[in-house]
Amino acid sequence: MEILGGPLFAVAGAGESHGPAVTTIVFGCPAGLEIERDRIQAFLDRRRPGSSKHGTPRREDDTVFLTGGLYRTERLLDGPAIRLSVAAPDSPALETYSGGFTTGEPLSALVFSRSRKSAHYDQLQGLQGAVRPGHADLVKYHKSRGFTDVRGGGRSSYRSTISDVIGGSVARLYLQRKFGTVIVSSICQVGELKSDHSVLDRFAIGRGRISAEGIAELERELADNELHACSTEFASAAGRLIRDTRVRGDSLGAGIEVVALNPPPLVGEPLYQSLKLRLMGSLGGLHAVQSCEMGSGWASVGRRGSEHNDPIRARGYQGNHHGGLLGGVTTGSPLSFRVGFKPTSSIALPQQSVTKGLDEIDFQLKRGRHDPCVGVRAGITLESRMAIELMNAVLMHQAGDADTDRFRLFPEV
């Protein structure tokens with residue numbers, strides 16, 4: 001069973017790249033959180049195919065339909081309608097939620113797929129179908145005894161991260177309203193081209209909370225740049241590099257910085273439920289990720305303790321080499337991770353490969369629509385996964401001390 005997060009806050013998803021829809025269930029959101037469909041849609045719009053000119057040419061509107069877990073007495077069913085015509089062509093459209101307050105019961109959502117070109121994957125079908133180098137085609141085929149959906153990678157497609165973003169949207173709304181926590185990401189490397197700017201360069205660590213105005217300004221700049229990156233110059237240069245690489249039929253890797261600003265301190269456990277362990281696994285387990293580091297990461301190896309230890313004063317930690325976590329528990333400093341993505345596996349250049357039956361072949365991709373650099377659209381999913389794990393850790397911490405006022409039904413006599 002695959003569940004993201006948990007055990008107190010978790011997300012489950014179903015649906016393949018070229019299937020009818022992606023279904024999402026979000027478990028464990030406390031009752032009383034106000035959620036508007038438009039807020040979730042805004043996060044999905046950053047993830048959807050076609051959102052960047054440097055990504056896949058596939059175009060999807062990725063409209064989210066909220067179908068459960070919300071309630072309010074008015075404007076409840078103002079969301080987009082779903083029309084069914086197979087059994088009853090003249091039946092009225094089915095209404096969905098425009099928003100409401102969480103009830104504490106599971107939230108459910110649907111996102112339909114419209115731009116499917118399944119014939120592009122005919123060369124991959126069956127035992128004599130080709131294996132794309134760098135993809136999971138071979139292992140998935142034999143793991144499932146041949147019963148796998150090859151269209152667009154099936155469940156292994158980045159399209160399945162729709163569920164991550166929906167669940168992460170709920171988590172980040174909760175964290176922002178309760179703690180003022182905001183999670184952002186910035187592309188910091190494309191191929192060999194590196195940015196000289198990072199998210200944390202913008203803020204003075206150790207001087208208390210980061211202002212909402214400063215965060216909002218950073219978010220506007222990230223959205224306005226050609227790529228979702230802190231530096232305008234880097235974003236423009238990386239955009240040119242991606243365009244040139246696409247023309248050559250090749251692909252590029254990318255590095256992404258993902259940071260939680262104003263995270264709640266004291267959440268996480270010391271060992272088997274360490275938040276470091278959870279975040280390393282969740283961020284590092286995303287499609288195409290090859291590396292994941294926290295704080296100063298690999299650079300820490302070359303330092304002495306006197307250089308790496310962050311000074312502490314009464315207002316907090318004066319540096320953030322530790323990346324916001326010590327002993328698996330948050331310190332209140334920004335949670336800071338960097339994630340490395342391999343070059344997109346689907347390229348137009350000829351490569352050596354095999355069929356599913358292990359006959360050696362010279363492989364060349366015939367058709368398909370692919371991102372020349374998967375990092376272009378990956379930031380929103382990393383943000384979402386960080387939000388889900390942080391939300392679960394918050395609820396785990398709260399579970400350590402029961403509030404007796406929450407255990408009364410009738411007034412005491």
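Two strands are taken as paired if DSSP finds at least two bridges between them. Helices (H or I, at least four residues) and strands (E, at least two) are DSSP runs, numbered from the N terminus. The model is predicted, with local features needing pLDDT of at least 70 and side-chain atom pairs counting only at pLDDT 80 or more, while totals for chains, interfaces and linings use all residues. Residues are numbered from 1 along each chain as its sequence is written, and side-chain values use heavy atoms, with hydrogens and water left out.

Strand β1 (residues 4-5) pairs with strand β2 (residues 10-14) in the antiparallel sense through two bridges. In β2, G5 faces A10, and L4 is opposite V11. Four residues separate β1 and β2 in a hairpin, and G6 in the turn has a positive phi of about 85°. β2 also runs antiparallel to strand β3 (residues 21-27), to which five bridges join it. G13 has T24 of β3 as its bridge partner. The hairpin of β2 and β3 has six residues between the strands, and G15 there takes a positive phi near 125°.

These strands belong to an open sheet of five strands, ordered β1-β2-β3-β8-β5, with antiparallel pairing. β1 and β5 (64-68) are the edge strands, each with a single partner strand, so one side of each has no neighbour in the sheet. Helix α1 (residues 37-47) lies across β5 and β8 (107-112) and runs at about 135° to β5. For such angles, axes are lines fitted to C-alpha atoms, for helices over the stretch in contact, and values run from 0 to 180 degrees between N-to-C directions.

Helix α3 (residues 162-179) packs on helix α8 (residues 375-398) at an angle of about 55°, with the axes 7 Å apart. α3 is therefore oblique to α8; angles under 35 degrees count as roughly parallel, over 145 as roughly antiparallel, 65 to 115 as roughly perpendicular and the rest as oblique. The crossing of the two helices, α3 and α8, is left-handed, a term used when the near helix is turned anticlockwise from the far one by less than a right angle, with clockwise giving right-handed.

Contact means heavy atoms within 4.5 Å. Residues of α3 including V165, A171, L175 and F179 meet residues of α8, among them I380, I388, M391 and L395. By class, twelve nonpolar, four polar and four charged residues make up the contact of α3 with α8. Ala, Val, Leu, Ile, Met, Phe, Trp, Tyr, Cys and Pro count as nonpolar, Asp, Glu, Lys and Arg as charged, and the others, Gly among them, as polar.
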